[in-house]
Structure formats: structure tokens, C-alpha cells
Amino acid sequence: MENKNQPLTEALFYILLAVRKPIHGYGIIQEVSELTGGRVNLGPGTLYGAINSLLERGWIVLYSAELGSRRKKEYVITGEGREIFAAELARLRELVRNGEKMEEEERA
Amino acid sequence: MIRWKFTFDKDEEQDWLNEYAQRGWAMTSFFAGVVTFVPCRPGEYIYQIDLLPGKGLWADDYEGYVIFMNEMGVEVLQRWGRWVYLRKRAEEGPFEVYTDAASKIDLYRRIRALFLWALVVIGGCSVNAFSLWARFPEDMFARGLGGLYIVLLAVLLRAVWQCTRKMKSLEIDREGEGR
């Protein structure tokens, strides 16, 4: 299991992005597939493990789980989850910024 | 139709189930190596085998897992200890339980921990059998029992080694996923 200072896996990154508003498991799979144009299709086991690990770390919480009803469990990101996501986004921006130097130097 | 399958390699067993499904035989139940099939349209289902998180033979939150899988359109056909047999209709698209290197590594780590646990338990049980064999080296029963334990321990050791090998090759893939 990864800790806070490690880059997020692609799956965790997109799951955190999908739960910015309350969403159920199948919704996450669809949202991630749409966001990536069908490139990232999360397997149900991958999603199940990721959701449990994100719940354990407190980066997401259950939004609704009405026992005995047919309503599906929904998940939503927490403040801590948003911080983690923001830190990862900053890391990725740095990568892109520095990566673009390659193209700039080639143009120059 | 009933077939017998004994293996410690879940990938081999999964491929075997999918081959039968391709030929028009859908697995419906598993009990102690005895696998039952019923006729289906060739290629109607895709099968996957998963190991639930947990300790030793005991799974964490099996009910939660079943509800989650059902919501994903996945049928949990059979549970055998912590092992579960899953299937999905092929017309609904590709079906793979784990789709990235990180979660596949976690799966093989769980499988390896289960086999290591079994090695310790069976290793402990084998002590009496081996001491019996040492005391009565000519006795057929003591020989048979000792031999059986040796085979079982060797098969389990091989299964642990296979998991380690699969995890190592997945680690190389994970480099490509940015971690």
C-alpha cells in the first residue's frame, strides 16, 4: 500500500476525481471511462480494493448507505482527500512544466 | 457434467474454466476440487477467480463484497473459504477483476500470504507424521503419511514461489504506471 508521499496510481487519481461529488461504485467506473475516453476501465476488484483503502485512509467517506433499502452505497471525497489530490496535481503540473522544456528547447 | 480439478494456481484454473465456457460448458459450482458444469452458449460467460481479503481461512466482509460485485453486474457463483468464483455475461463487455499492476500485486500478495499460512499450519501438523516415520521407517502407513506431507509441502512451496515470480514481473509493469 502506498503512503501519502508517494505518487497516486492512475486508478486512485481518477477515483478521487470521480468522488468530488457523491457517486456509487458503478458510477465511478463509468465516469473514469468517460474522462479517459475509454482508456482506463477499472475492474470491479481494483475498485473494491481502492475504495476500501481510501475509506481506511479517510480520503473518502460513505455518503449514503440506507440499510435494508435498495439504495446503492455512495462515496464522496473528504477534506484530507482533497489535500492529497491537490498535492498530486501540483506534482503533475511540475512534471508537465518541466517536460515542456524539452519541446521549447527543440523549437529554439 | 462433473470434472475434477486440483491446482494451487488460480490463473491456470481460471483459464481452464474459460476454456470450458468457450466450448459451451458453464461452471456452476466448486466443492473440494469437484467442479460442476451445465451447458451454455459457447462463450456466454467470462469467469474470474478472486481471493477475498482476510486472515487464514476467514474472509473480511463477504456480504459487502457480494453486494458490491452484484452492483457491478458480476455474479458471485461460489465461495470456497476465501476463494470466490465470479462470472459475467460476455455480451456486457470485457471482464477482468483487477485491471492495474498495483491491484494485481496486492492480489498475489494475499494469495502468497494464504499459502505461507497453510505452509506453517501443515508444517506444524507434519512434525508428528515425520517423527512417526523416523521411529518406524519400515512401516507402510508412516511412510505413506510422511510422503503425503512432503508432496503437500512441496506443492505449497512451489505455489509461494509462483506468486513471488508473478509479483516481480508485475513490479516491472508498475514502473510504467508512474510509481
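How much area is buried between chain A and chain B, and what share of it do carbon and sulfur atoms give? The buried area (accessible area, 1.4 Å probe, that two parts lose on being put together, summed over both) is about 1600 Å², and carbon and sulfur atoms give 61% of it. The model is predicted: local features need pLDDT of at least 70 and side-chain atom pairs pLDDT 80 or more, whereas totals for chains, interfaces and linings use all residues. Residues are numbered from 1 along each chain as its sequence is written, chains are lettered from A in the order in which they are written, and side-chain values use heavy atoms, without hydrogens and water.

**Interface of chain A and chain B**
- Chain A brings 22 residues and chain B 19 residues to the contact, where contact means heavy atoms within 4.5 Å.
- On the side of chain A, P44(A), T46(A) and Y48(A) lose the most area to chain B, together 38% of what that side buries.

**Helices α1 and α2 of chain A**
- The axes (lines fitted to C-alpha atoms over the stretch in contact, with angles from 0 to 180 degrees between N-to-C directions) of α1(A), residues 10-18, and α2(A) come within 9 Å and cross at roughly 110 degrees.
- α1(A) is therefore roughly perpendicular to α2(A), a term for angles of 65 to 115 degrees; helices are DSSP runs of H or I, at least four residues, numbered from the N terminus.
- Y14(A), I15(A), L17(A) and A18(A) of α1(A) meet I28(A), E31(A), V32(A) and L35(A) of α2(A).

Definitions and conventions
Helices (H or I, at least four residues) and strands (E, at least two) are DSSP runs, numbered from the N terminus. Angles under 35 degrees count as roughly parallel, over 145 as roughly antiparallel, 65 to 115 as roughly perpendicular and the rest as oblique.
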